[in-house]
Amino acid sequence: MVKRFAVVLAAGQGTRMKSNLYKVLHPIAGRPMVLHVIDQLKSLQLDKTTTVVGYGAEEVISVIGERSEFVTQEEQLGTGQAVMKAEGLLGNLDGTTLIVCGDTPLITDKTYEALIEHHESSGAKATILTTNAPNPTGYGRVIRNEKNEVERIVEEADASNVERTVQEINTGTYCFDNRALFEALKNVSNDNAQGEYYLTDVIEILKNKQEKVEAYLTFDFDETIGINDRIALAEAETILKRRINAQHMRNGVTIIDPENCYIGPDVEIEQDVTIHPGTIITGSSVIKSKAVIGPYSEIQNCTVGEGSLITQSVVKDSVIGKNVNVGPYVHIRPETQLEDEVRVGNFVELKKASLGKGTKASHLSYIGDAQIGSNVNFGCGTITVNYDGIKKHETIIGDDAFIGCNTNLIAPVTIGD
Ligand code: UD1
Ligand code: CA
């Protein structure tokens, strides 16, 4: 089988983002955009993935970690120069090289696969992933000849008025015959409006050598959006949100208002969960069957058990059992564990607390650094006074205890069954 390599371009600063954060690290659905790209490469079974880093190299390398090799482009003189930096690692190899930009995070593995297949079966030296953009402004345009063959790519800044009316754009994703790519790159110059070494010039160079150049047109423009500014960033957020929500709905989750519900890419949700508007579920959260989440709730890195209800509350890094009732207006802070049938609501704050089965704290309480048994009742206004100004102390309460209203339990304190 032909060897397959990928080069991810991620050295640019992202001037148009107007940000101290390097462009490819801006999150979409809570995950740095370059990681979306790297994740989609996983299923392609590549023999080698090389990421070109420059601005913020250290941060970008630490985010991507072991999933790629890295080469550095000290000065950002264009996408062509960026790819050239990978020559040391790739130049002498035979195979297919997929080039992707770190700022096109929504292209899926299926599209990459289709592109690679098209490329390898046509025997072209280069295949461009193109799409028809409703508004092509800012993208490189694909210029075809009278036989409808791809001739070259012209950047917005270099395009004539007529060329700018072309709607078929370069998505910044390509497949190349690896050797042909590095050979052609040697002939790229920076004689253009931006004074950069454009990778896109390789197309015309190959074409002039009578090599076969192809375009693979995808119909899903949304997938190929390039993130150059915060407007595109918000658009990508919306597109990805719709994609994630649609997948959950296909799997049997009811989402009352999908435009108004934000679910992270790693969240697992079982069938017959209902999600109300204004809900944000992120991290590695797992929501079990028949749970009802929202409205207006935030859940981060939590497991929510079967049939539990979370209403107008914030829950982080905690485990919620079955048929638990949380809310309205509860703040559950990290390392809390609620056993089955617990009820907490109406301005209750929990932190590093475990509450046994059927325990209730229904009004205005703070329970922190506490181990609480089952079927305990907290009256309104109960406080575990866990902090003496220097150290945190624990409160331990046994099963079936009854704590009256306005009680301060000054920790360390133990109350029996
Ligand atoms: C590029 C393409 C354009 C295409 C568009 C698709 C070129 C010349 N133009 O334009 O045809 O329509 O993507 O989104 O390739 N980068 C480096 N080193 C550099 C310059 C850029 O690593 O010296 C990286 C950036 O970090 C970014 C990617 O390459 O991830 C694309 O660079 P960008 O400046 O955003 O190119 P566009 O102007 O969007
Ligand atoms: Ca771009």
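Helices here are DSSP runs of H or I of at least four residues, numbered from the N terminus. The model is predicted.

**Exercise 1.** Which residue just after α9 takes a positive phi? Find also the residue that caps the N-terminal end of this helix, and check the helix length.

Solution.
- Past the end of α9, G252 has a positive phi of about 100 degrees.
- At the N-terminal end, D229 is the cap, with a side-chain oxygen 3.1 Å from the backbone nitrogen of I231.
- The expected span is 1.5 Å times one less than the number of residues. For the 21 residues of α9 this gives 30 Å, and the end C-alpha atoms are 30 Å apart, so the two agree.

**Exercise 2.** Identify the elements against which the buried residues of α9 pack, and state how far α1 is enclosed.

Solution.
- The buried residues of α9 include L233, I239, K241 and H248.
- Their packing partners are β2 (27–28), α1, β12 (254–255), β13 (261–263) and β14 (268–269).
- Of the 9 residues in α1 (residues 33–41), 8 are buried, so the helix is largely enclosed by the rest of the structure. Among them are M33, H36, D39 and L41.

**Exercise 3.** Which residues are the protein donors of the calcium ion (ligand 2), and are they buried or exposed?

Solution.
- The donors are D103 (OD) and N228 (OD1), at 2.2 to 2.4 Å from the ion.
- D103 sits in the loop between β6 (96–101) and α5 (109–122), while N228 sits in the loop between β11 (213–218) and α9 (230–250); the two are 125 residues apart.
- D103 and N228 are both buried.

Definitions and conventions. Residues numbered from 1 in each chain as written. Chains lettered and ligands numbered in written order. Predicted model: local features only at pLDDT ≥ 70, side-chain atom pairs only at ≥ 80, totals over all residues. Heavy atoms only, no water. Donors = N, O, S within 2.8 Å, 3.2 Å for Na, K, Ca; no water. Buried < 20%, exposed > 50% of the residue type's maximum accessible area, 1.4 Å probe, protein only. Contact = heavy atoms within 4.5 Å. Polar contact = N/O pair within 3.5 Å; in protein donor to acceptor, adjacent residues only side chain to side chain.
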